[in-house]
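Please keep the sequence and the structure at hand while reading.

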Amino acid sequence: MSVLGCGIIGDDKIKDGRKQRWDAVERIWLAADESGKMVQQYQSPVRVYKYPFELVMAAYERRFPTCPQIPVFLGSEILHEFKSDDGAIHVKERRCKLNVDAPYILKKIAGVEVVYFIQKNSLDRRERTLKIEAHNESFASRVIVKENCLYSVHPENSEWTCFEQCASLDVKNFFGFESTVEKIAMKQYSQNIKKGKEIIEFFINDLRSNGVTYVPPWTPPKPVSPIEAKPSKKEPEPQASATVLSSPSSCDSITSSSSYHSANTAAQTPVSPTVPDIPELPPDIRIASEDKLDADYIERFLGHLTPIQESYLIQLRKWIAESHKGQDVAESGGCAWDRVPKDSHILRFLRARDFNLEEARKMLCNSLAWRKQHQVDLILDTWKPPTPLVDYFAGGWHYYDREGRPLFILRLGQMDVKGLLKACGEEAILRHILSVNEEGLRRCEEATKARGYPISTWTCVVDLEGLSMRHLWRPGVKALLRFIEVVEANYPETMGRLLIVRAPRVFPVLWTLVSPFIDENTRKKFLIYGGNDYLESGGLADYIDPEYIPHFLGGTCHCTMPEGGLVPKSLYQLLDNLSMNDGLPSLCQETIYQLSSVIKGAPHEVLVNIDDKDSVLTWDFDVLKGDVVFTVLRSRRPLTVPKDPPGAVGGPLNVQLLDKSMTVGVDVSVVETPLVCHEGESIQGSHVARYPGPYVLQWKFHNAPVSSSLPQAVKATLPDVFTHHKCKVMYYHEVLASDDFRGSMTSLQSSQSGFSSLSVGTTSSAQSNSSQSANSSCPSR
């Protein structure tokens, strides 16, 4: 790439009113030429010089005909030059010679030591713009490099100057070294963009050292009368306190004759002899238009980026803005969104894909469509978590870490995850997790503004005291993996550091299960402490100020978040009437736990088709109301599920699969002995299928024997189970291959999600027998 425009190459720009807009970049990122090869596009942020346009132009002209500050720029010669009569327009076309920083063998193959570029500079002093167009002359049939730059007046401050660059590179064929040429170009691009602003600053300081501190703007020449045209006696020039450049067109005279003279400010149009002291604009003001970014804004709010990374950010940002403006779903990759995401959010997706523009665009496009579908942008204003989450979700935001990141504390070991799933459902828990992430994004923005440097991630402390194998039951792990998948896809690069403290011996089991689903870059941010190691050197105090360490972790700061604990089973029934979606599409494709009603004379039956012999059918259910009889049957006839079973839309399900004409022992066989299950019990079990085919999980209403001799007054005091004719069951089932079953059923042991510190008042379920010879169901109360 060339260095003709101070280091970056680019596409065309034109002036539209007082604002400068690019007209050559139709789609900001990768475009395809007629041959099908990809054209690499580059675009820089807007760089601001806090000097008037005319002084910057005087400094720019000092770069020619040679510039020792740019070693690859060996020299230039003027091919054509044009000046308008009034001096407002000045066009120069140069032929520039550049050294090539390329491997020796490549130079030998190409047969050249230098390359030539044609550069056309169009200076419009009236509009105060300089448009630079450049293209390569050498190897033009093999490589096409186009560079367009623009100097213009800052739209918010007429005493400042903006510089923008855009570029394209199309390597058609280069002796088999196409990728090498691209790498060389990208390297040159990155190196020279860093020097561009430094060089202008260098020559401005050089002008100042020579006494030139101000260049007057161009003014139209006054008509000359015949009297004024006569020669007159030359008056001696008055002395001035400061030096200015002599004429409106003196940008050229700097390099040609270097002629300067002192000017009497009283005799001229009043001007300041030095650059005015202008108050700085707020750092978050962006330059010119919505498709441009100020380099200082990037450094202040987004952090240090390489020139290539800046280019990719600007390209992806403009593509998103243009797609949003048109909302052409077909052209935008089949997705649409409510609003253009913030720059920090776009940058997260680029980082998550190692600045692969295509992959980042796909990931961001999918995420924006997902956000619109589920109205995630409104979740902080509209989401009201159900009571169990408010009272038993043991997590919350808690001040900041030492680096200024927002801090989130999660007491996972003290949380009844299974109880929350059964009381609220994974839909509500996932929405709650999304609200936590949205709040994290908001807190990062606030921290960035408050601290004066970019903060785009947060820190999370996960306390695992109390974690045991009872937490690792299959439905819970399945839900956890779903949550991780959603967060990884839509909130990439938000975790700055994750501190896991008081990790028990069972933690490696959980880590083995979930770590494959966590991005590698995120995994590198995990720090794990066993026992009380977090209290020692290198522990929490290294990352969090002691005054903010929670009291339950040995600190002095009191946390107001819920402490967790067992979710009462009486709250499970909230799932029956809980409305989480508010008319929105469900975040979860399927629900882990289903709610069913069992009516006297109308059992609830679930069809499970087993394809392979020795597959393992597992179940886990809670009796929420009444007493039921549970059994497992195998049908010898094909079965079908009704399309619209009772309760399919809202409310509990009630499905009958077995026809009353079917005979036990002929059409169906009982493979699990009927088990009476009482209200409040949790049941887990498994069955190894000896034969493939349709199996049925069946829950029947249990007629509790009530003595007819009891007085009516006594009957009135009996529980509902004795007087009502409807039961409720919440259940989950899964089919496992026999090879995957061994050891997996330990995750189905938790009947009430009791854990080590809270298990005193609970009764753990018996272990499910996973052998073929002893199928089992295990009640616990």
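Q: Is the crossing of α13 and α14 right-handed or left-handed?
A: In this predicted model, the axes of helix α13 (residues 474–490) and helix α14 (residues 507–514) come within 10 Å and cross at roughly 50°. The two helices are therefore oblique to each other, and the sense of their crossing is right-handed.

Q: Which residues in α14 are met by V477, L480, L481 and I484 in α13?
A: By class, the contact of α13 with α14 has seven nonpolar residues, with no polar and no charged ones. On the α13 side stand V477, L480, L481 and I484, and the residues that they meet in α14 are L510, L513 and V514.

Q: Which are the edge strands of the open sheet of five strands?
A: The order of this open sheet is β14-β15-β16-β17-β18, and its pairing is mixed. From one strand to the next, the twist averages 20°. Two strands pair on one side only, and these edge strands are β14 (395–400) and β18 (526–530).

Q: Which residue in β16 stands opposite F408?
A: Strand β15 (residues 406–410) pairs with strand β16 (residues 458–463) in the parallel sense, over four bridges. Opposite F408, the residue that stands in β16 is C460.

Q: At about what angle to β14 does helix α12 run?
A: Helix α12 (residues 417–451) lies across β14, β15 and β16. Of these strands, β14 is an edge strand of the sheet, and helix α12 runs to β14 at an angle of about 5°.

Note on methods:
Residues numbered from 1 in each chain as written. Predicted model: local features only at pLDDT ≥ 70, side-chain atom pairs only at ≥ 80, totals over all residues. Heavy atoms only, no water. Axes fitted to C-alpha atoms, helices over the stretch in contact; angles between N-to-C directions. Parallel < 35°, antiparallel > 145°, perpendicular 65-115°, else oblique. Left-handed = near helix turned anticlockwise from the far one by under 90°. Contact = heavy atoms within 4.5 Å. Nonpolar A, V, L, I, M, F, W, Y, C, P; charged D, E, K, R; others polar. Pairing = 2+ DSSP bridges.
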